Amino acid sequence: MALVFQEHGRSLYPWLMVRGNVELPLRHKKLAGNERDRFVDDALRAVGLEHATTSYPWQLSGGMQQRVAIARAVAYKPEVLIMDEPFAAVDAQTRADLEDLVRRLHLDRGMSILFVTHDIDESVYLGERVVVLSKSPTWVQEDLTIDLLPERDQISTRALPRFTELRTHVYEQIQRAKGGEAVRPSS
C-alpha cells in the first residue's frame with residue numbers, strides 16, 4: 001500500500017533531488033541497486049518526469065511536485081494506492097492532467113486506487129464506484145457504481161448525458177446527507 005497526500009510540498013524532501021525522493025521508500029525493500037533503479041526509472045516515466053531527475057522539488061511547479069509524490073508511490077509497486085485529496089492545491093488544467101494520469105495508472109498497472117475528494121465531477125470521472133458519506137456521525141450514505149466506459153477523456157466523457165446523470169445523483173445524495181434526510185442503515 002502507498003499513500004499520496006494533499007500537501008505534496010510537505011511530503012517531499014527539499015534536500016533530495018527528484019530521483020532521491022522517488023527512491024526513498026525503496027531503500028526499505030531488499031532490492032539490488034539495478035532493480036531499484038529500474039523501479040525508479042519506470043515510475044518517473046509513468047508520470048512523465050524522466051527529464052527532471054536532477055531537479056529539486058522547489059525547482060518544480062506544484063503539478064510536477066505532485067507527480068513526484070505519485071511517482072514515489074508508484075515506484076513502491078503497491079497493490080493499493082490511497083490518495084487523500086491530492087489535487088486540491090493545483091490549477092484546473094493541471095488537475096485534469098493528473099486525473100488522466102491516475103486513470104492511466106489504474107488501467108495500465110491494475111492498481112486499486114482509493115481516491116478521497118470533495119469534487120463531485122472528479123469522483124465521477126475517476127471512479128468505478130463513488131461512496132458518498134453522511135454528515136457526522138459518518139456512515140455510508142450510498143455506494144454508487146459508475147457505469148461509464150473504462151477509457152475516458154476530459155471532454156467527451158464529461159459531455160455524456162450519463163456523466164451528468166451520475167454527477168447529479170451524487171450531488172443530490174450529498175445534499176440529502178447534509179440535510180439529515182438520510183436514514184441511517186440498520187446494522
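Modeller: Of the protein's 187 residues, 42% count as buried. This is a predicted model, so local features need pLDDT of at least 70 and side-chain atom pairs count only at pLDDT 80 or more, while totals for chains, interfaces and linings use all residues. Numbering starts from 1 along each chain as its sequence is written, and side-chain values use heavy atoms, with hydrogens and water left out.

Colleague: How many helices and strands are in the protein?

Modeller: Eight helices and five strands. Those are DSSP runs numbered from the N terminus: helices are H or I with at least four residues, strands E with at least two. The order from the N terminus is β-α-α-α-α-β-α-β-α-β-β-α-α.

Colleague: OK, the core. Which residues touch the most other members of the largest nonpolar core?

Modeller: Val22, Ile70, Met83 and Phe87, out of 45 residues in that core. Helix H4, residues 62-75, gives the most to this core, with seven residues. A nonpolar core here is a set of buried Ala, Val, Leu, Ile, Met, Phe, Trp, Tyr and Cys residues joined through side-chain atoms within 4.5 Å.

Colleague: And what does Phe87 touch?

Modeller: Leaving out residues up to four places away in sequence, Phe87 touches Gln66, Ile70, Arg95, Leu98, Glu99, Val102, Phe115 and Glu122. Contact means heavy atoms within 4.5 Å.

Colleague: Switching topic: how many aromatic pairs does a search of the whole structure find?

Modeller: Three. One of them is Tyr13 with Trp15, a tilted pair at 5.0 Å centre to centre and 50 degrees between the planes. The rings of Tyr56 and Trp58 are stacked, because their centres are 5.7 Å apart and their planes at 10 degrees. For the cut-offs, rings of Phe, Tyr and Trp (its six-membered ring) pair if their centres lie within 6.5 Å; planes under 30 degrees apart are stacked, over 60 edge-to-face, the rest tilted.

Colleague: Is Trp15 buried or exposed?

Modeller: Exposed, because its relative accessibility is 60%. Tyr13 is partly exposed at 33%. In the other pair, Trp58 is exposed at 58%, and Tyr56 is partly exposed at 26%.

Colleague: Last one: where is Val140 found?

Modeller: In strand S5, residues 140-145. Val140 counts as partly exposed because its relative accessibility is 43%.

Definitions and conventions: Buried < 20%, exposed > 50% of the residue type's maximum accessible area, 1.4 Å probe, protein only.
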